[in-house]
Amino acid sequence: MPSHSASHLANSPVSSQLEHQDIRRYSRQLLLDCIDHDGQLNLANAHAVVVGLGGLGSLTARYLAGAGVGNITLVDGDTVDISNLQRQVSYNEMHLGELKAKSLYNELRKVNSHLNIRFRSLFADSDNLPTLISSATCVLDCTDNIFVRRQVNVATFRASIPLFIAAASGLTWQALNLPQNSATCGCYECLVNSIAVREDCVSKGILGPVVGMAACHQATQALLFMARGFDADIKWGRYVNAHAGLATLQSFKLPPSSSCEVCQ
């Protein structure tokens with residue numbers, strides 16, 4: 001599939017203060033101590049790269065745009081299929097056959113026309129990832145392919161860019177925040193080498209709201225980081241596994257693996 005790209009640029013310098021319309025737009029989250037005025041400015045100046053625009057990425061990106069992340073890059077080479085509509089709530093029947101990246105780009109522009117939003121209609125790989133993430137504050141891995149996740153992990157680790165991963169299958173969802181610059185925290189390759197990671201909604205099925213739960217968690221973690229940096233009150237290097245039906249949540253610390261070919 002050919003690569004397509006575009007951007008909608010907010011032609012303004014780095015934000016140093018909130019405009020009156022921004023205070024009105026973000027008034028509810030400005031009341032939060034974890035955001036407030038300074039955090040909102042940080043969000044406006046942040047750059048989030050969302051890789052994979054299915055059920056996870058399309059909803060996560062919608063929350064980022066709604067919260068005022070000033071620069072968002074959307075990456076996916078797929079098109080909208082009727083089987084997507086059960087869980088990929090950012091798309092509808094009018095989008096069938098369209099490139100997901102372009103469709104989502106157009107929808108997010110309706111949310112906030114002042115954001116700098118770019119889309120790249122291509123599949124992320126080891127060749128293009130370094131360029132795609134070069135100016136990122138953080139990367140959100142919303143793909144459904146372990147091979148691609150591994151490549152995203154390598155690219156973000158080499159660039160020391162924090163990585164937020166989420167996944168869902170069956171009635172369970174998983175998440176992992178990786179600082180990608182810590183000697184005490186493992187990386188995604190360490191996780192794959194330590195447990196049997198099976199994040200495949202094609203073979204196991206998926207209930208739409210379960211994907212939404214994963215997306216909400218991922219967006220929350222990334223927003224708190226972009227607002228406060230490493231001072232944000234979030235957990236790094238903990239693998240979260242939740243069961244939506246049983247209302248259970250477990251997590252464990254992911255230490256670096258001494259045999260990891262990525263982070264060791």
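This is a predicted model: local features need pLDDT of at least 70, side-chain atom pairs count only at pLDDT 80 or more; totals for chains, interfaces and linings use all residues.
A search over the whole structure finds seven aromatic pairs, and two of them are described here in detail. A pair of aromatic rings is described by the distance of the centres and the angle of the planes.

One of these pairs is formed by Tyr105 and Phe119, whose rings are 4.9 Å apart from centre to centre, with 50° between the planes, an arrangement that counts as tilted. Tyr105 belongs to helix H5 (residues 100-111) and Phe119 to strand S4 (residues 116-121), so the pair ties together parts that are 14 residues apart in sequence. Both residues, Tyr105 and Phe119, are buried.

Phe164 is found in strand S6 (residues 163-169), whereas Trp236 is found in the loop between helix H10 (208-228) and strand S8 (238-243), so the pair ties together parts that are 72 residues apart in sequence. Phe164 and Trp236 are both buried.

Helix H10 also takes part in a helix contact, in which its axis and that of helix H3 (residues 36-45) come within 7 Å and cross at roughly 105°. At this angle H3 is roughly perpendicular to H10, because angles from 65 to 115 degrees are placed in that class. On the side of H3 the contact is made by Asp36, Asp38, Gly39, Asn42 and Leu43, and on the side of H10 by Leu223, Met226, Ala227 and Arg228. The residues of this contact comprise four that are nonpolar, two that are polar and three that are charged.

Two further residues were examined individually. Asn116 is placed in strand S4 and is buried, with a relative accessible area of 9%, and its side chain makes a polar contact of 2.9 Å with the side chain of Asn71. Leu53, which is placed in the loop between strand S2 (47-51) and helix H4 (55-67), is likewise buried, with a relative accessible area of 0%. When its neighbours within four places in sequence are left aside, Leu53 is in contact with Ser58, Leu74, Val75, Asp76, Gln88, Tyr91, Lys100, Ala101 and Leu104. The C-alpha atoms of Leu53 and Ser90 are separated by 9.4 Å, although these residues are 37 residues apart along the chain.

Key. Residues are numbered from 1 along each chain as its sequence is written. Side-chain values use heavy atoms; hydrogens and water are left out. Rings of Phe, Tyr and Trp (its six-membered ring) pair if their centres lie within 6.5 Å; planes under 30 degrees apart count as stacked, over 60 as edge-to-face and the rest as tilted. Helices (H or I, at least four residues) and strands (E, at least two) are DSSP runs, numbered from the N terminus. Buried means under 20% relative accessible area, exposed over 50%, partly exposed in between (1.4 Å probe, protein chains only). A polar contact is a pair of N or O atoms within 3.5 Å; within protein, one must be able to donate a hydrogen and the other to accept it, and residues adjacent in sequence count only if both atoms are side-chain atoms. Axes are lines fitted to C-alpha atoms, for helices over the stretch in contact, and angles run from 0 to 180 degrees between N-to-C directions. Angles under 35 degrees count as roughly parallel, over 145 as roughly antiparallel, 65 to 115 as roughly perpendicular and the rest as oblique. Contact means heavy atoms within 4.5 Å. Ala, Val, Leu, Ile, Met, Phe, Trp, Tyr, Cys and Pro count as nonpolar, Asp, Glu, Lys and Arg as charged, and the others, Gly among them, as polar.
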